[in-house]
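Colleague: Could you take me through this model, one point at a time, before I plan my reading of it?

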Amino acid sequence: MKDLAGERILCRDEAAVLKALREARRQGAAIVPGGSEFPSPPEQGDASHAYLSLAPMDRVLSFDRTDLTITVQPGMTLAALNAALVGSGQRSTLEAPDPETWTVGGLVAGRAPSFSEGAHGPVKNHVLGLRCVDGAGRSLAFGGRVVKNVTGYDLVRLLSGSRGTLAVLTEVTLRLTPVPPATSTWVFQRPADEDPGPLVARLRTLPYRMTRLVVVQGEAVGVEGRPTLIALTLEGAPATLADATRKLESLTPGGEPIEDDAARELWQTLLAFSEEKARHLEAGGAVSVVLDLARRLRPRMVDRRGALVIDALGGKLHYTEAAEESDHDAWWAELKLGEYLNARGAWAALPSDPLDAVHGPRRFGRPSPKELELLLRIRRSFDPDGILSPGRTAWSPAS
Amino acid sequence: MPTDERHILSRSLRHRLDRILGKGRLLTDAASLLVYESDALTHFHEPPLAVALPRTTEQVAETVRTLFEEKIPFTPRGAGTGLSGGALPPEGGGVLIDTCAMDGILEVLADDRMARVQPGVVNLDLSLAVKEYGLMYAPDPSSQMACTLGGNVAENSSGPHSLLYGPTCAHVLGATVVMEDGAILHLGGPHPAAPGPDLLGSFAGSEGTLGIVTELWVKLLPIPEAVATLLGSFADLPTACRAVSRMIAEGVRASAIEALDRLTIEAVESSVFAAGYPKDAGAVLLVELHGHPLDVEHDGDVVRRIFREGNALDIQQAEDEEHRKRLWRGRKGAYGAMGRVAPDLYVMDTVVPRSKLEEAIRRITDICARHGLRLANVFHAGEGNLHPNISYDRRDTEELTRVLAANGEIVEVCLELGGALSGEHGIGIEKRAYMKLQFSDDDLAAFEDFRRAWSPELLLNPGKLLPTPRACAAVKGRAARIPDGEGAP
Ligand SMILES: Cc1cc2nc3c(=O)[nH]c(=O)nc-3n(C[C@@H](O)[C@H](O)[C@H](O)COP(=O)(O)OP(=O)(O)OC[C@H]3O[C@@H](n4cnc5c(N)ncnc54)[C@H](O)[C@@H]3O)c2cc1C
Ligand SMILES: Cc1cc2nc3c(=O)[nH]c(=O)nc-3n(C[C@H](O)[C@H](O)[C@H](O)COP(=O)(O)OP(=O)(O)OC[C@H]3O[C@@H](n4cnc5c(N)ncnc54)[C@H](O)[C@@H]3O)c2cc1C
């Protein structure tokens with residue numbers, strides 16, 4: 001095989017992945033896996049890295065409604081997965097800013113942005129099994145098609161979120177959930193200077209099945225002077241949602257329901273914001289902590305024409321400012337963010353951390369030396385020569 | 001190490017451990033050690049060298065550091081209710097580190113629905129403690145009155161209601177872990193998972209082989225507004241299984257779907273656990289729905305329709321809390337009731353895709369009939385998690401041989417149907433030899449590597465979860481005894 005440096009390798013099946021990784025290992029060439037046909041901006045990285053595209057592996061391998069699970073190839077886009085489930089009464093819990101380009105492999109191995117994590121749990125809770133090829137050139141299978149499984153170590157969870165540094169996923173089995181009988185999305189608009197905390201607290205204790213509860217402040221969705229927006233999604237039987245409607249309308253301040261299409265657009269916009277625009281801070285903590293952090297950030301946000309999006313069920317916060325560039329270290333130090341978050345057991349990431357072009361690792365919550373040592377040992381066991389995505393994360397150093 | 005070469009605990013080492021743990025907190029006398037020789041899988045026995053009863057993370061860390069220096073293997077232990085031999089002391093002598101005395105609920109953040117707890121907290125006690133806030137801890141193994149949260153994390157335990165809420169790992173946010181060399185590692189915390197590989201998630205279910213949990217952050221959930229409990233009885237178990245498949249395919253949002261077969265019903269109904277199950281039924285399904293009252297009503301209608309269309313002989317719905325408890329009493333007391341049928345009960349644990357439930361049940365029934373064994377089934381049908389229970393008398397070695405042979409065949413059938421070795425009891429020593437049937441050599445090597453990354457000296461609970469060379473030889477030869485079963489009675 002020719003020199004792999006800078007090459008793009010399109011894989012049609014696991015055998016092709018295996019062949020490419022064994023060859024890369026022989027050559028000592030760095031390989032970065034990805035779901036799209038061409039490396040997109042976040043994955044372009046070092047031009048000497050070969051790009052292993054899983055895009056041609058885009059099929060459903062098995063789907064049985066009585067199992068409530070589906071097995072697919074990693075290059076399948078989220079849009080294609082959703083299309084395969086239409087009419088089945090079942091859905092996956094995966095979300096993405098652009099379902100047409102984000103792939104199952106990328107969502108499982110990389111980041112899976114979501115505003116329903118608080119209700120459904122993170123994506124890794126829904127990955128039941130996978131096949132992969134590791135950096136040592138071994139073809140491996142963990143987990144399975146069953147929904148309950150404690151056989152051996154749970155390496156499915158380890159590989160979920162490992163961002164192409166341990167193995168290349170070649171097959172993924174996902175747990176599905178039933179499509180609810182009815183869904184409704186509500187929006188509350190509140191004055192920009194009102195603290196959203198009390199209303200959020202009231203909404204959180206409503207007795208309905210709430211799958212999203214998000215607070216949007218500032219110019220997140222691109223409209224200047226927008227008031228604070230609180231949006232929520234409810235799921236349940238039609239009678240339950242009718243009951244919820246009466247309840248939500250009678251609340252003061254009241255909210256109003258929005259059409260399904262408008263709701264879809266709102267969530268897509270917020271997902272895109274959280275992934276692509278919120279370049280100044282991402283934090284995760286107890287819901288009370290992220291709401292409090294938002295209060296601390298607000299004056300600065302107003303000053304810099306920024307925006308805040310808070311997932312008030314999942315406990316995450318995304319923040320950005322109008323100016324692309326800012327000296328993060330300086331303003332994080334000024335707000336004593338490190339001390340603040342550490343004292344509350346929360347984590348923060350700078351999405352543009354240079355260690356990983358866009359999807360940076362945690363900054364304050366960066367692995368402790370002991371954790372990093374462990375991650376490095378694990379990485380060496382999967383990828384002894386360090387050919388998979390070197391230099392992309394703290395646990396996959398360039399050399 | 002070869003089993004004939006036993007480790008010993010020198011007097012000076014005993015003194016050091018005594019100093020770390022405090023007076024009376026290192027057990028070494030034979031009488032005290034006796035109860036620690038087994039867990040709830042009583043076929044296996046192994047005497048520990050000593051049992052340490054630490055009260056703090058620092059005491060665990062110092063104990064471990066000391067044992068690490070002396071290269072003495074050690075095993076964490078909770079309440080000892082495990083059903084795969086996971087908490088058995090290491091073969092060839094080792095120290096048990098029992099975390100039961102670390103039983104404090106340290107912090108409850110009611111608004112944020114989280115709690116910080118020690119590993120020795122008994123599962124049910126946490127739910128009882130947070131009830132006053134309208135909250136509960138969702139994982140509810142049937143042993144919840146005795147088992148500890150540390151043991152639950154190590155086994156990634158589930159309960160009847162994990163159908164809706166998921167297993168333990170979906171409810172653990174953070175853990176303080178003492179590693180093999182005594183280092184203290186903090187994984188996760190009171191926050192949603194941070195980006196990156198999930199070390200905490202892959203620690204869950206590691207059966208005490210990667211580290212010792214000394215503190216946990218767990219998620220709490222609001223107690224559901226409404227609960228409905230329905231009982232459907234059917235002519236036989238395969239018919240009941242078909243109704244389960246329908247419920248899954250139609251998207252019924254049940255929190256539990258449990259199945260009991262005729263033998264179990266008979267045992268329950270003639271015991272103190274009598275629940276009012278129809279005695280002429282070949283199987284019953286116990287279905288529970290949690291949620292808003294109107295949602296529960298909606299799903300209840302769907303369940304009743306599926307029961308009717310699935311030829312249910314009888315349908316009951318609990319009318320009040322008392323009735324609901326009675327229906328569950330039969331399910332929860334099933335093992336106790338079966339104890340009356342024969343002196344011993346082998347509780348097996350395998351899992352199949354839900355589309356294969358009916359076939360699995362038919363084939364398991366055939367296997368037991370062929371071996372002339374008395375089979376009772378009580379299981380988590382909604383998750384495809386089977387518990388074929390075989391009544392036997394351990395003093396009858398010929399019968400025990402047949403029980404173990406049937407176990408091996410049942411495991412093979414479940415794997416052939418696309419299932420897995422264990423849904424909730426773990427591998428321990430019970431199933432380690434079968435790992436070769438489910439995983440390739442490369443998969444097993446990856447597991448070994450993963451274990452060594454955490455525990456390079458393999459001092460942490462050695463001999464559990466992964467096959468040992470002898471165990472593999474036993475299963476390849478299809479010996480009709482517990483694989484690697486030198487501990488068998
Ligand atoms: C700032 C920004 C700008 C963007 N600009 C554009 C643009 O100009 N044009 C465009 O088309 N799209 C653009 N996108 C979207 C684009 O990058 C992808 O659509 C998106 O990253 C999802 O692709 P993917 O899901 O296949 O995951 P990827 O981005 O390919 O992968 C995510 C992570 O998972 C790893 N990974 C992926 N698949 C596997 C696998 N099978 N096994 C192991 N690891 C795997 C990758 O190595 C990576 O670490 C942009 C995204 C961002 C954040
Ligand atoms: C009647 C009965 C019903 C049961 N029902 C269920 C059920 O419905 N669902 C289910 O999943 N299980 C069930 N079990 C099995 C058992 O109760 C669970 O596996 C439970 O989680 C074990 O907890 P324990 O505290 O007893 O742990 P032990 O049995 O003491 O230990 C189990 C494993 O955990 C490890 N361990 C214990 N404490 C720690 C710690 N602090 N740190 C690290 N590792 C540790 C041990 O080394 C061992 O490998 C049942 C058992 C019985 C007897």
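The questions below go from the ligand to the chain contact and then to a sheet with its helix.

Modeller: This is a predicted model, in which local features need pLDDT of at least 70 and side-chain atom pairs count only at pLDDT 80 or more, while totals for chains, interfaces and linings use all residues. Residues are numbered from 1 along each chain as its sequence is written, and chains are lettered from A and ligands numbered from 1 in the order in which they are written.

Colleague: Which element gives the largest share of the shell around ligand 1?

Modeller: Helices (H or I, at least four residues) and strands (E, at least two) are DSSP runs, numbered from the N terminus. There are 28 residues around ligand 1, and Gly35(A), Gly105(A), Gly106(A), Gly110(A) and Gly164(A) come nearest, where a residue is near if its C-beta atom, placed from the backbone, lies within 6 Å of the molecule. The elements of chain A that give two or more residues to this shell include β2 (31-34), β9 (167-175) and α9 (260-277). The largest share, four residues, comes from α4(A).

Colleague: Which element gives the most to the side of chain A that touches chain B?

Modeller: Counting two residues as in contact if their C-beta atoms, placed from the backbone, lie within 7 Å, 70 residues of chain A are in contact with 69 residues of chain B. Among the elements of chain A that each supply at least two residues to that side are α8 (238-250) and α10 (287-303). The most, seven residues, comes from α13(A).

Colleague: Why is one side of β1 and of β3 of chain B left without a neighbour in the sheet?

Modeller: The four strands of this open sheet have the order β1-β2-β4-β3 (chain B), with mixed pairing, two strands being paired if DSSP finds at least two bridges between them. β1 (26-27) and β3 (74-77) of chain B stand at the edges, so each has a single partner strand.

Colleague: What is the bridge partner of Ala52(B) in β4(B)?

Modeller: Strand β2 (residues 50-52) of chain B runs parallel to β4 (residues 95-98) of chain B, and three bridges join them. In β4(B), the partner of Ala52(B) is Ile97(B).
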